[in-house]
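Dear colleague,

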Amino acid sequence: MFHRDLLSITRPRPSDVEGLVYAGGIEENGVIISGEARSPQTGEIYPIKNGYLDLLKERTGANNLANLANFLPGAGRAYEPLWRIHSLNLLTGESFPNEREVELISRLVGLERGGRYLDLGCSSGLYARRLSLALGRRGEVVGIDISPSMLREAARRACKAGAPISLARADAENLPFSDSSFSGVVCGGTLNELGDAARALRESRRVLEPGGRFAVMGILKAQTSPPALGLQRFLSSGGLRFFETGEIRSLLSHAGYTLDTLSVHGTVFFAAAIRR
Ligand SMILES: C[S@@+](CC[C@H](N)C(=O)[O-])C[C@H]1O[C@@H](n2cnc3c(N)ncnc32)[C@H](O)[C@@H]1O
């Protein structure tokens with residue numbers, strides 16, 4: 001599912017000066033359920049099927065082993081019930097249910113302003129669908145991910161919840177959207193998985209309107225616990241990256257953001273930054 005009005009800001013190549021156009025399919029109330037979009041510049045066709053617009057097609061978009069794990073059959077289905085509902089309790093050492101996390105992210109991204117929001121590396125759509133339900137008619141949410149398995153599950157869960165999100169298979173390091181097209185960007189855990197986090201931050205800044213907000217949750221480098229250090233060393237060999245708080249400050253600043261808040265809960269950080 002992809003809202004037809006979003007095609008005009010969807011530009012798969014950086015050189016595209018116009019957005020995509022609808023090339024036919026099944027549409028209900030402005031939402032493309034399945035069909036095709038076409039680039040007026042290149043004539044290239046992008047399918048909308050299995051619940052998302054596929055802007056990567058034959059490209060995986062993955063650049064490390066950790067990314068590929070999200071492509072496994074069943075990864076999408078298992079992600080929320082097996083990992084996501086427990087993850088922050090385990091990583092923070094506090095009671096941190098999804099409701100608390102989403103409420104915090106919503107505050108950090110300034111959801112009360114309404115408008116258009118982007119979920120970077122949305123997986124099965126936890127942030128995207130909750131933000132969409134909270135926004136109602138005051139705005140809309142687009143979720144992007146590189147994993148077909150995650151996007152199919154995001155579409156299934158959003159339909160079940162009645163959350164009218166748009167989903168696209170796209171790379172956070174090369175965002176397929178025009179400049180200044182979002183009020184806010186949220187990013188839950190994805191920064192740890194990216195090959196080039198600095199580039200993704202610059203891209204997120206580019207698509208934010210002036211004063212737009214970026215809200216991120218991520219995992220910090222373990223400090224003392226030997227088992228956690230060992231696990232992080234092992235995961236790092238698969239391409240995951242764990243940050244020091246100083247690196248987060250520096251990455252955000254170099255990408256053109258002014259840091260608003262940074263809080264730490266166990267090995268998890270939450271930060272909000274404003275587009276300079
Ligand atoms: C740790 S999961 C986070 C999921 C979600 N944000 C959440 O809070 O539950 C990271 C997600 O980022 C996706 N991902 C990894 N590299 C990406 C990239 N370059 N562009 C877009 N998504 C990416 C993975 O497929 C995975 O679904």
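**Aromatic pairs and ring contacts**

Phenylalanine 182 counts as buried because its relative accessibility is 0% (buried means under 20% relative accessible area, exposed over 50%, partly exposed in between, with a 1.4 Å probe and protein chains only). This is a predicted model, in which local features need pLDDT of at least 70 and side-chain atom pairs count only at pLDDT 80 or more, while totals for chains, interfaces and linings use all residues. Residues are numbered from 1 along each chain as its sequence is written, and side-chain values use heavy atoms, with hydrogens and water left out.

The structure contains three aromatic pairs (rings of Phe, Tyr and Trp, the last by its six-membered ring, with centres within 6.5 Å; planes under 30 degrees apart are stacked, over 60 edge-to-face and the rest tilted). One of them, phenylalanine 96 with phenylalanine 270, is stacked, at 5.6 Å centre to centre and 10° between the planes. Both phenylalanine 96 and phenylalanine 270 are buried. The rings of phenylalanine 177 and phenylalanine 182 are edge-to-face, because their planes stand at 80°, with the centres 5.2 Å apart. Phenylalanine 177 is also buried, at 2% relative accessible area.

The charged end of arginine 100 sits over the ring of phenylalanine 96, 3.8 Å from its centre (CZ of Arg or NZ of Lys within 6 Å of the ring centre and within 35 degrees of the ring normal). Lysine 57 lies over the face of tyrosine 46, 4.9 Å from the ring centre.

Yours sincerely
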